[in-house]
Amino acid sequence: MENTTAFESMGARRLLIVGGITLVVAGMIFGDVFAVFVLHQNANRIGAALMAATDAVASKDSALVLAQFTNIGGMLENRGTKVDAHVHMIDFGYLALLLALIQPYVALTELTRRRLAKLFLLGAVMLPVSVFLIHYVGLSYSPLSSIGWASISADLGGLLVIVACAGELIGLWRHARNSREAESQNVTPKEITWASRTLLAGGTLLILAGFLHGAFYAVFDLRNYETQDQIALETMINASVAQQNSAARNMRDTNTVVEGYGMIQAEKAVNIAAHSHIIEFGLLAILLAFIQQYVFLAERWKRRWAVVMLTGSVLLPAFVLLELQFGLIAGGVADAGGLLVIIALIGMLVGVLRNKGQVDATEGAAA
Amino acid sequence: MSGSRKVLIVSGVALALWGMGFGLYYALFVEHQTLDQIGGSLAASFSDAASGDVIASRAALQTYADTQFDYVRSVDVHSHWIGLAMLLIVFGVAFDRVRFLERQKLLLAWSLVIGSVTFPLGVIFQTLDRGIIPQALAAVGAALVIIALAIIALGFARTERN
């Protein structure tokens with residue numbers, strides 16, 4: 001079998017590391033742009049449409065109600081597909097980094113592993129881009145009644161990723177059967193640097209914090225929010241119905257309930273965003289701890305990027321949680337946190353791109 | 001490769017595949033219909049109220065709440081299975097740095113794997129039965145993951161000190 005630790009310019013591992021970091025960076029930039037320019041504006045438009053729907057209920061105008069909900073459905077689809085594109089792009093980036101790490105344990109030829117890496121990256125790009133397009137392509141020219149071409153393309157992208165992962169699993173299985181053959185090859189670096197150590201410990205603590213927050217949210221908040229959600233909608237409808245036969249219509253109560261409903265949605269959103277971001281940044285930090293051996297930068301720069309990465313990883317979720325209390329200031333700090341993570345990732349990506357196999361050359365020379 | 005690392009890596013890749021397969025199945029056969037039902041029932045509850053049919057409005061709102069309940073959990077399960085799978089693989093790669101005996105590490109690895117499978121399983125079972133058993137299953141799974149995670153963090157810290 002060929003040398004599985006090779007890091008040549010188009011090798012499977014290098015492809016996956018470069019592709020993975022690029023996917024994470026692209027997904028984060030997309031997420032930041034979405035949060036700043038789309039998310040809040042879209043939420044306000046949904047709130048306004050919901051108020052218009054309650055007005056229509058008070059006016060006994062069923063057609064207008066349905067028109068408003070069609071409008072809301074379109075805005076929710078717009079929001080949902082963009083969140084999905086953001087999440088999938090980043091998660092595929094993580095998966096690519098993971099697959100890069102387990103390459104020494106994938107007992108396949110370098111050519112097969114390179115093909116699997118390309119297949120994975122193709123699917124990993126195809127799925128989020130297609131999901132992003134769902135809102136714009138709609139059902140145009142689709143042979144199906146409820147699924148458009150963009151959805152079909154997204155599902156195909158997902159299938160490519162699954163096929164690539166299945167190939168990697170077969171490689172792992174073959175390695176497990178002949179484990180003695182590659183026993184000496186180890187993915188973990190022989191020397192653990194400060195940057196690697198800090199990312200590993202920091203990442204584990206971030207994940208632990210995220211799990212504890214998630215458990216607290218699931219036990220104490222989730223069901224409450226769901227109940228409040230239903231009560232708010234019922235109250236909204238009842239308040240609108242109460243105005244149907246009123247000579248001088250007063251929608252103030254209904255509007256207050258709509259605003260309250262918006263707050264419930266916002267509270268749910270910030271909790272979920274904080275939970276998912278802190279865990280994902282923790283995972284990313286641990287993954288980056290192992291990538292450090294391929295980052296061809298001076299040690300002090302590796303340390304700087306590690307610190308910048310962890311600082312951003314704490315700032316973003318913490319200030320997302322504080323957004324409801326401190327508004328735009330907290331939102332700005334959270335966005336700045338995201339920017340720090342992006343900068344650190346680009347710094348590390350530059351280091352990986354500068355690496356043309358020096359690690360292996362060094363190891364080979366040492367051997 | 002040690003037994004604990006093998007357990008984590010193979011289980012992680014298998015769980016990722018399972019999570020993605022579940023996501024693909026859900027996206028193809030369930031999600032579009034569910035989203036239509038969520039939007040449709042919410043619109044119907046307002047529309048029925050506009051027509052003065054309060055009973056139908058309440059029934060539609062209940063359908064909306066029930067469908068939303070199932071949808072949130074199904075999506076959560078998909079993302080948690082894949083997220084936990086990635087965690088398993090990452091720890092599989094890093095497990096050499098956890099300074100415990102191999103026997104203890106194997107126990108830790110299995111706890112993490114069992115927790116990662118049962119926690120989302122308990123959540124998805126809640127869409128079939130909202131009783132105590134699925135909730136207990138999810139809680140036990142989550143507790144296993146959290147405890148294993150805390151011990152692994154301790155193991156990493158011991159490594160750093162040593």
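The domain assignment divides chain A into domain 1 (1–187) and domain 2 (194–361), where the bounds come from an automatic or database domain assignment. Taken over C-alpha atoms, the centres of domain 1 and domain 2 of chain A are separated by 18 Å. This is a predicted model, in which local features need pLDDT of at least 70 and side-chain atom pairs count only at pLDDT 80 or more, while totals for chains, interfaces and linings use all residues. Residues are numbered from 1 along each chain as its sequence is written, and chains are lettered from A and ligands numbered from 1 in the order in which they are written.

**Between the two domains of chain A**

- The contact takes 30 residues from domain 1 of chain A and 35 residues from domain 2 of chain A, two residues being in contact if their C-beta atoms, placed from the backbone, lie within 7 Å.
- On the side of domain 1 of chain A that touches domain 2 of chain A, the elements giving two or more residues are H1 and H2 of chain A; helices (H or I, at least four residues) are DSSP runs, numbered from the N terminus.
- H1(A) provides the largest share of that side, 18 residues.
- By class, that side has 21 nonpolar, 5 polar and 4 charged residues, where Ala, Val, Leu, Ile, Met, Phe, Trp, Tyr, Cys and Pro count as nonpolar, Asp, Glu, Lys and Arg as charged, and the others, Gly among them, as polar.

**Between chains A and B**

- The contact takes 55 residues from chain A and 49 residues from chain B.
- On the side of chain B that touches chain A, helix H1 (3–50), helix H2 (54–94) and helix H4 (132–161) of chain B are the elements that give two or more residues, and H1(B) gives the most, with 22 residues.
- The residues on this side of chain B divide into 36 nonpolar, 9 polar and 4 charged.

**Nonpolar cores**

- The largest nonpolar core has 124 residues, of which A:Ala96, A:Leu98, A:Leu287, B:Met86, B:Ile89 and B:Val90 touch the most other members; such a core is a set of buried Ala, Val, Leu, Ile, Met, Phe, Trp, Tyr and Cys residues joined through C-beta atoms within 7 Å.
- H6(A) gives the largest share of this core, 15 residues, and because domain 1 (1–187) and domain 2 (194–361) of chain A both give residues to this core, it lies between them.
- Not counting residues up to four places away in sequence, A:Ala96 touches A:Leu16, A:Gly19, A:Gly20, A:Leu23, A:Phe120, A:Leu121 and A:Ala124.
- A second, separate core of 26 residues includes A:Val57, A:Phe69, B:Leu61 and B:Ala65.

- A:Ile264 is found in helix H6 (residues 252–291) of chain A, and with 18 other C-beta atoms within 10 Å it is partly exposed (a residue is buried if 20 or more other C-beta atoms lie within 10 Å of its own, exposed if 12 or fewer, and partly exposed in between, with C-beta atoms placed from the backbone).
- A:Lys60 is in the loop between helix H1 (12–58) and helix H2 (62–101) of chain A, and its phi is near 55°, a positive value in a residue other than glycine.

**Confidence**

- Chain A averages a pLDDT of 85, and 90% of the residues score at least 70, where pLDDT is the predictor's confidence in each residue, from 0 to 100.
- In chain A, confidence is highest in helix H7 (residues 299–321), at a mean of 94, and lowest in helix H9 (residues 358–366), at 47.
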